[in-house]
Amino acid sequence: MKLLLIEDDGELARSLVTRFMEHGYAAEHASDGPEGLDRALQEEFNAVIVDRMLPGMDGLELVRALRREKDTPVIFLTTMSGIDDRVQGLEAGGDDYLVKPFAFEELLARIRALTRRSSTNATKLSSGSIEMDLVERTVTRGGKAIDLVPQEFRLLEFLMRNADRVVTRKMLLEKVWDIYFDPHTNVVESHISRLRTRLNTGFSMDAIQTVRGVGYRLLAAS
């Protein structure tokens, strides 16, 4: 999962980026409004965390401009705590509003809730160079079409919805195969192997990482 933090407090930004990365998120930082808007428009992020008071462009103005082009989930993170401030943030296009000082665990929970709702409603998923169209049922990597059988498609969809997070064999059995017991077969391993071959043919980087003794992780940068 890829996050963009737009925050002019350098110390806070460094701390948040470090903690996001410790929790398995790919986090990037922009220190002013114009840079943040440019990156939010030019790159794909699962969520954007925006301060209200930014050099060069106010957070409200930034989110209004972003909303004219994209519907990336946005959380305002600010010291402006009045009711009118919150209303302005939400009316500008923010999806959530969290006041400083805050607990990192709450921020993380709000990000998870936002991205969960967003990914559930999305008709297209992307993870690095891998693109999936849930309506057309197509998959590409680096623009190259990849043919998958239905179960491989479901497996890749689950991995993409959890990109950069380790998923266990038990999770895959339950979410992809609807099996809530251990069938003592290698169904997961064999499907992962075939999916890995289809995804990696013609590419130098293995998109699926095996975490020994735990499970698998689809690398968002793949």
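I count a residue as buried when its relative accessible area is under 20%. The model I am reading is predicted.

**Aromatic pairs**

By that cut-off Phe 20 and Phe 104 are both buried. I looked up Tyr 25 as well, and it is buried too. I then listed the aromatic pairs and found three in the structure. Phe 20 belongs to helix 1 (residues 10-22) and Phe 104 to helix 5 (residues 104-121), so their pair ties together parts 84 residues apart in sequence. I noted Phe 20, Tyr 25 and Phe 104 as a cluster linked by ring pairs.

**Charges over rings**

I checked Lys 2 and found it over the face of Phe 45, 4.9 Å from the ring centre. Arg 141 lies over the face of Phe 203, with 4.4 Å to the ring centre.

I traced an open sheet of five strands, in the order 2-1-3-4-5, with parallel pairing. Its edge strands are strand 2 (26-30) and strand 5 (96-99), each of which pairs on one side only. Ignoring direction, I have neighbouring strands of this sheet turned by 20° against each other on average. Inside the order I looked at strand 3 (residues 47-50) and strand 4 (residues 74-78), which pair in the parallel sense over three bridges. Val 50 stands opposite Phe 76 of strand 4.

Which strands does helix 1 touch? I found that helix 1 packs on the sheet and touches strand 1 (2-6), strand 2, strand 3 and strand 4. The direction of helix 1 makes about 165° with that of strand 2. I also followed helix 3 (residues 59-67), which lies across strand 1, strand 3 and strand 4 and runs at about 175° to strand 4.

**The hairpin**

Last, I turned to strand 6 and strand 7 (residues 130-133), which run antiparallel and are joined by four bridges. I noted Ser 126 opposite Glu 131 in strand 7. The hairpin has two residues between the strands, and Gly 128 takes a positive phi near 60° there.

Side chains in a regular strand alternate between the two faces of the sheet. For strand 6 (residues 124-127) I sorted the faces: Leu 125 and Ser 127 make up the covered one, Lys 124 and Ser 126 the uncovered one.

Note on methods. Residues numbered from 1 in each chain as written. Predicted model: local features only at pLDDT ≥ 70, side-chain atom pairs only at ≥ 80, totals over all residues. Heavy atoms only, no water. Phe/Tyr/Trp six-rings, centres within 6.5 Å; stacked < 30°, edge-to-face > 60°. Buried < 20%, exposed > 50% of the residue type's maximum accessible area, 1.4 Å probe, protein only. Lys NZ or Arg CZ within 6 Å of the ring centre and 35° of its normal. Pairing = 2+ DSSP bridges. Axes fitted to C-alpha atoms, helices over the stretch in contact; angles between N-to-C directions. Contact = heavy atoms within 4.5 Å.
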